[in-house]
Amino acid sequence: MIRDITIGQYYPSGSIIHRLDPRIKLIGTIVYIVSMFLFDTFWGYLVTGLFLFGIIKASKVPLKYIVKGLKSVIILLLFTVSFNLFLTPGEHELVRIGFIKITAEGLRFAVYMGLRLVLLILGSSLMTFTTTPNELTDGIERLLGFLKVIHVPVHEVAMMMSIALRFIPILLEETDKIMKAQQARGADFETGNLIRRAKAMVPILVPLFISAFRRAGDLAMAMEARCYRGGKGRTKMKPLKYKGKDMMAFCVLAVYILAILGVDRYFPMI
Amino acid sequence: MALLLDKVSYIYGGGTAYEKQALKNITLDIPDGQFIGLIGHTGSGKSTLIQHLNGLMKPTSGTVYFNGADMNAEGFQKKELRSKVGLVFQYPEHQLFETTVLKDVQFGPKNLNLPQLEVELRAYDALKMVGISEDLYDASPFELSGGQKRRVAIAGVLAMKPDVLILDEPTAGLDPMGRDEILDQIEKIHKERKITVILVSHSMEDVAKYVDRIIVMNKGGIAFDGAPKKVFTHYKELEQIGLAAPSVTYVMHDLNQMRIPVATDATTVEEAKQEILDWWRNVRERIIR
Amino acid sequence: MRMIDAKKLVFEYIRRDEEGNVEAINRALDEVTLDVMEGDFVAILGHNGSGKSTMAKHINAILMPSEGTLYVNGYDTKDEEKIWDIRQSAGMVFQNPDNQIIATVVEEDVGFGPENLGVPTEEIWKRVEESLKAVGMYEYRSHSPNKLSGGQKQRVAIAGIMAMRPKCIILDEPTAMLDPNGRKEVIRTIRELNKKEKVTVLLITHYMDEVIHADKVLVMDSGKVVMQGTPREIFSQVDKLKKYRLDVPQVTELAYELKKQGMPLPDGILTRDEFVEAMMEVRNGAFTR
């Protein structure tokens, strides 16, 4: 169950998307996220959806695998959708049960909101599927490098992020193990009211934190033993250089943005 | 009969690219009171198997019976099952969470909704069984040494008074003395409380001395099952699947080949020593005559 | 040349109570003197808590001695300016393979050390390739470490150290968390590096069968070096080893026990072949007398 969480996982397939410069992938993801708020029509969703679908195909990451990542946010998704569905005021009432009513506006809004969220999550998880944490670190570090001038520890923050990503699967597995071990001691996580269930988490969280701290200590020592001393004087095994395909990716991105803006401007609202 | 597996199979990640059959059609009978060594290397399916024995995992097909009842049937009391079939995971000290040793050991019995007095009695009893001295009862479990932590964790499962105790590599990461201490303690518990013990290990040498039955797992199936002496006669096949019989077994076979006639079924140093000494005395007697 | 030169090394840590008063002073190292020459394979044995890991951490300048001196590759570990030179010349591999792999791709992890040292890009690639080939993990260069077995992970960690081109590798219980196959893999790799790449090896372990190929073995107990010599010299003293909470390989123990019963066997037998050979001598001797 807990192993199903796929967000933040790298999926090696060696596709062209994988080989792109992480900076273009980061910029692309940000542009993509921003673009989601630039339109409000069916056509906009169609263009965005097709664009994402095209990228997923090109990345050779199985669609099933990416969609699986949605499982872990399904509650958030349902919550948002139903929130919009039931609470949007509007004139065209469709259903009314007691004080709950669903309006045409609400339905439209809920569907679009759900779509937007799904596309957003799929898009950003695609970035982590196709970019190793180390590349990601490098990308962020280079993109935000200008902040160093005002003494922001860009390298350190980027390093922390990449390590966090590396340890997500390990800690998830550990959580699974601890849960099972406590279940073997008769612990019950499934029944009881909210307070009881929250209390039932203590036997999981305490060991998990202790283990995380122990790992952090070990890792810090291992990094020091390998002469890590911050970003100063470090060289790169895989230095970032824009290549032909990155330029092409920039062009694709530009076309996408133009398409979104065009669709929003010239096609009628549905 | 306590535990019975009937044609149990388990498939991980069914329907995905990562599909893997972890258990293949396993039929196994575990009667009361045995001391069993479950051996196999990483990925042989032994961890999956033991999680089927207390209902933490459900077979993809096949049935697991506990005292004659299908443990995955509707309405079967899983909590009670887990108290009857105690499972100690690998590195069990990683599950300790309470502020004192005593409280941590009480966690299991408390979950069984027993009266407080019974909970305390069981905790004391369990801690005594694993040889934790009383002055440590109120200490934080995190202040103990590695070996002590492990014993407290084992006590946490013993306090549920299981009929079957399963331990997944209880000696991993311990030094030789720590290893012997834990195994001796487990043997003592087995003898005194007459409970079934299943010891999961990847070392034949460690378990040969203690168990009366060895089950060897390989690639999700059972490769060998029988008394240690019988299983170790397959020492060549064992080697092929990445395991090995105790080194004395090899030595005895080597000696035999070099025309030193000793019985080859010795599994411990003590047995091998007796065997060789008998031969030696024999030789000397013949020479004197 | 002397690789590691420790003279009367003392390490004390002070335990304080809640008010900050000194509660106890523990001596984790007690006047340890150690000499390791370039190209040596030296093993340190000891039970958990004997001080062997503390010793390892001193060599890597993670800990500083309270008293005594320690030179690594000619650098004084107390000299803070030389700390990176020390860590580069004496690389360290730790026990838990998961907690020392930093990157999510094997080759990137191996490149981490050289990156920190400021090695030029092309040179990093060359070193990564060489190191991965040296430990036999080159085919796995673009894999995720999470999908590797314990032994493979540990070999990647060793490659990560090798890529820093150290003169010496310190391995702190590198096999404690591995299964028998993983242990064999790692030990074979370490021996090969020592022989082929002429890397000085300091192996810290409590598995006796891992040290029989070492040039020199030290036994530590309560912070002191209590025994030192060749593996044969060390293993001939079975009772003494047991006193220090260690055991010996089964073959060695068997030979020792037989000798105690009066059989004319040589001291410190380490391998099966040696034992069988000695037994044949015994037989032939008996018949020719």
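Q: In β8(B), which residue is the bridge partner of B:Ile166?
A: This is a predicted model, where local features need pLDDT of at least 70, side-chain atom pairs count only at pLDDT 80 or more, and totals for chains, interfaces and linings use all residues. Residues are numbered from 1 along each chain as its sequence is written, while chains are lettered from A and ligands numbered from 1 in the order in which they are written. Strands β7(B) and β8 (residues 196-201) of chain B pair in the parallel sense over five bridges; pairing takes at least two DSSP bridges between two strands. In β8(B), the partner of B:Ile166 is B:Ile198.

Q: Which helix does the chain cross through from β7(B) to β8(B)?
A: Helices (H or I, at least four residues) and strands (E, at least two) are DSSP runs, numbered from the N terminus. The β-α-β crossover here is right-handed; that is, with the strands pointing away from the viewer, the path from the first strand over the helix to the second runs clockwise. The helix on this path covers residues 176-193 of chain B and is α6.

Q: In β7(B), which residue is the bridge partner of B:Val88?
A: Strand β6 (residues 85-88) of chain B runs parallel to β7(B), and four bridges join them. The partner of B:Val88 in β7(B) is B:Leu167.

Q: How many of the five residues of strand β7 of chain B are buried?
A: Buried means that 20 or more other C-beta atoms lie within 10 Å of a residue's own; exposed means 12 or fewer, partly exposed lies in between, and C-beta atoms are placed from the backbone. B:Val164, B:Ile166 and B:Asp168 point one way from β7(B), B:Leu165 and B:Leu167 the other way, and all are buried. The strand, residues 164-168, is mostly covered, and its buried count is five.

Q: Why is helix α1 of chain B largely enclosed by the rest of the structure?
A: The buried residues of α1(B) are B:Lys46, B:Thr48, B:Leu49, B:Ile50, B:Gln51, B:His52 and B:Leu53. After the helix comes B:Gly55, with a positive phi near 75 degrees. Helix α1(B), residues 46-53, is largely enclosed because the buried residues number seven of the eight.

Q: Is B:Arg259 buried or exposed?
A: B:Arg259 sits in the loop between α10 (247-257) and α11 (269-288) of chain B. Within 10 Å there are 8 other C-beta atoms, so B:Arg259 is exposed.

Q: Which residues of chain C does B:His41 touch?
A: B:His41 lies in the loop between β3 (35-39) and α1 of chain B. Its 17 C-beta neighbours inside 10 Å make B:His41 partly exposed. Residues are in contact if their C-beta atoms, placed from the backbone, lie within 7 Å. Leaving out residues up to four places away in sequence, B:His41 touches B:His202, B:Gly242 and B:Leu243, and from chain C, C:Asp179, C:Pro180 and C:Asn181.

Q: Which element gives the largest share of the side of chain C that touches chain A?
A: This contact takes 34 residues from chain C and 27 residues from chain A. Elements of chain C that give two or more residues to its side are α2 (83-89), β6 (90-93), α3 (106-117) and α4 (121-134). The largest share is seven residues, from α3(C).

Q: How many charged residues has the side of chain B that touches chain A?
A: The contact takes 19 residues from chain B and 16 residues from chain A. Ala, Val, Leu, Ile, Met, Phe, Trp, Tyr, Cys and Pro count as nonpolar, Asp, Glu, Lys and Arg as charged, and the others, Gly among them, as polar. On the chain B side, ten residues are nonpolar, seven are polar, and the charged ones number two.

Q: Which strands stand at the edges of the open sheet of chain C?
A: Six strands form this sheet in the order β6-β7-β8-β3-β9-β10, with mixed pairing. Each edge strand has a single partner, so one side of each is left without a neighbour in the sheet. These edge strands of chain C are β6 and β10.

Q: What is the radius of gyration of chain C?
A: Chain C has ten helices and ten strands. The globule rule, 2.2 Å times the number of residues to the power 0.38, is set against a radius taken over C-alpha atoms. For 289 residues the rule gives 19 Å, and chain C is close to it, so it is as compact as a globular protein of that length, with a radius of gyration of 21 Å.

Terms used
Two residues are in contact if their C-beta atoms, placed from the backbone, lie within 7 Å.
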